[in-house]
Structures are given as structure tokens and as C-alpha cells.
Amino acid sequence: MNKILLGASVLLLLGLTTVFLVEKQHNGLRAEVDEFQAWMHKYGVKLADEVQLQYRRTIFYQNKDLVEQLNAENNGTSHSLNAFAIYTKDEFNQLFKGYQKKQKSGLIYKLKGDIAPSIDWRQKFNEIILNISLNEFINNLGKLTSLSVQQIVDCSTANDGCNGGDLPPAYQYVVQNGIETEADYPYKGTDQKCKYDASKVVFKPKSFVEVTPNSPDQLAIALNKEPVPICIEADQKAFQFYTSGIISKGCGTNLDHCVLAVGYDSDSWIVKNSWGTSWGENGYVRIARTTASGPGVCGIYEEPVYPIY
């Protein structure tokens, strides 16, 4: 009788264990599905079919593991499953970066001026004077005007349109031709025939120079005058899921993405990215401010450009 009771007890325990494990597995799966669905709802993502849904879900959880790994490294930055959480690294780099190194303009210039302890152009204006694609400019009256990115894509033939380009050729084009407003020449996101209309030009800089490269002091002097377009390497793990903090490692110096330096403090350069306000610190990233000559963290000292108005 005792053996029978013992056997029954063992079977009962095994059954309960099996039920517990199955329930735990179901709960874990349900939690994962809910997390992915919550992310889709947050970012308004709709996928074409079940195949795409499962494919992107798999990538989402692979990226979740990567984010947890990055946060465990304690490198002074935090990372999260942001709007880019369903892209592989290769997909992300293809979609959101397009820098292609072109021949230098030859207008290398050593700036002179003071270096304040810190500067932040965001405190001087509600918006940035000029972004990396000549997208926004505050004219002499302080009025914010959106300028045409599509005109650069279509008409700056020294670059490669939607396949990417470099800062000096874009500035060379605008110095020669001027640029229209976004309203007059709206963004389409595809390569089109150039529709430049000289009568609608609202901004034409006098010139531009490439600031002496590989010099933290030269970038700082330039930033004491205005925000400065720069290029960095952003295809490494430090960037895609960046949320906050100062990037001091996890990126290289092979430039692949152009951004806008808008200030600095004793520890970091303040940089405006072009991936939307849901990325990083409301669309910005801080990159470690080093003092040694050379490319700097992420190559930030390699190619600063200084527009002359």
C-alpha cells in the first residue's frame, strides 16, 4: 500500500512539474509575443504578412539579447530597443547611412579664435542653424527656414544621390548655385531629375572650408563660431540602439555617416544625428572629447566643414 501511495505521489509530482514547466514555457512565449507586439504598437509598425512578422520578431529578440549585452558592458552608455529594433546590422547600415568619401576640396583652413569652457548651440536657438544636409538655416533675422534636401540629392552631381555622398561636394554645389526651401523643392526620398530654380534660391553661402583635420582644438574653435558639420563611423554596435551617455568606444574611424556637432563640455562633444528624436538623447549623441591629435573617437576630428556666410 505504501509503495502504491509512493508511486502515486511520484507520478503526481512529475505531473505537476510537467504542468509547471509547460505553463512556464507558455508564459515566457506569451511575454515575448506581448513585448514584440507592444513595440510594434509603440512605433506604429505594420508588417505585410505572417512570414515578415515571424522574421522581424526573430530579429527583434536577437537585438534584445544584443542590447542586454551592451548594457552589461557598462561602457558609460545605455541602449534600448528603439525604432530600429527590427533591423539587422546590415539592413540598418544600408538604410540609414550613405557617406561616400570624395576627393578633398583642397580648402583646408586653420581657424583662429577662443575656446570657451563649454558651448551648446541648442541653448542659443530652439533649432540648429544648419544640419548635415543643409536642411535648416536660421537667417539673419533669426527665422527658422527648412532648406531642400531633395535639391542636394537631385542636383549635386559630384555626389551619388540616394546612394550617398560627402560634405564638401554638397557645399560646393550650394556655394555655386544656392538652395531653395523645402516647401519649394520638397523631399521625395528617391533620385529624380534636377528641378533647380534659381529664382527660388533663399540661401547661398559665400564659401566653405575644411577645418584642419585631426585636431580637437580646431573643432572646438569652429564650434565657438557656429555648429559644424562632421562625419563619423556609425556602423558599429555603439550606435544603432544608443539611448544615452557618452560614447568612448565601440566605434571605429572609417567614416560612413555625416552629422552635426552643436557643442561640447569638458567630457564630450554634443552631436545632432539625423535618425529622429526617438533615437539617442532626443536625437542627439554625446561622443567622448579627447585631447590628443588624431581621428578622435568615432573619427570625429577627421572631416569638419566650416561654412562661411
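Colleague: How many salt bridges does the structure hold?

Modeller: The structure holds 5 salt bridges. This is a predicted model, in which local features need pLDDT of at least 70 and side-chain atom pairs count only at pLDDT 80 or more, while totals for chains, interfaces and linings use all residues. Residues are numbered from 1 along each chain as its sequence is written, and side-chain values use heavy atoms, with hydrogens and water left out.

Colleague: What makes the contact of glutamate 35 and lysine 64 a salt bridge?

Modeller: The term requires a side-chain nitrogen of Lys or Arg within 4 Å of a carboxyl oxygen of Asp or Glu. For glutamate 35 and lysine 64 the N to O distance is 2.9 Å, so the pair qualifies. The pair links distant parts of the chain, 29 residues apart: glutamate 35 belongs to helix α1 (residues 2–43) and lysine 64 to helix α2 (residues 50–72). Helices (H or I, at least four residues) and strands (E, at least two) are DSSP runs, numbered from the N terminus.

Colleague: Why are β2 and β12 described as standing at the edges?

Modeller: The open sheet has 3 strands in the order β2-β6-β12, with mixed pairing. β2 (108–109) and β12 (305–308) each have a single partner strand, so one side of each is left without a neighbour in the sheet.

Colleague: What makes β6 a partner of β2 and of β12?

Modeller: Two strands pair if DSSP finds at least two bridges between them. β2 and β6 run parallel and are joined by 2 bridges, so they pair; isoleucine 108 has glutamate 210 in β6 as its bridge partner. β6 and β12 are antiparallel over 4 bridges, so they pair as well; valine 209 stands opposite tyrosine 306 in β12.

Colleague: Why are β6 and α5 called largely enclosed?

Modeller: In β6, 4 of the 5 residues are buried, so the strand is largely enclosed by the rest of the structure. Among the buried residues of α5 are Leu167, Tyr171 and Val175, and their cover includes α4 (149–155), β6, β7, β9 and β12. Helix α5 (residues 167–177) lies across β6 and β12, at about 165° to β6. Just after α5, glycine 178 takes a positive phi of about 80°.

Colleague: What makes the set with Ile230 and Trp269 a nonpolar core?

Modeller: A nonpolar core is a set of buried Ala, Val, Leu, Ile, Met, Phe, Trp, Tyr and Cys residues joined through side-chain atoms within 4.5 Å. The largest such core has 40 residues, and Ile230, Ile232, Phe239, Trp269 and Ile300 have the most contacts inside it. Elements giving two or more residues to this core include β6 (207–211), α6 (216–223) and β9 (257–264). A second, separate core has 10 residues, including Trp39, Tyr61, Leu81 and Ile86.

Terms used: Buried means under 20% relative accessible area, exposed over 50%, partly exposed in between (1.4 Å probe, protein chains only). Contact means heavy atoms within 4.5 Å. Axes are lines fitted to C-alpha atoms, for helices over the stretch in contact, and angles run from 0 to 180 degrees between N-to-C directions.
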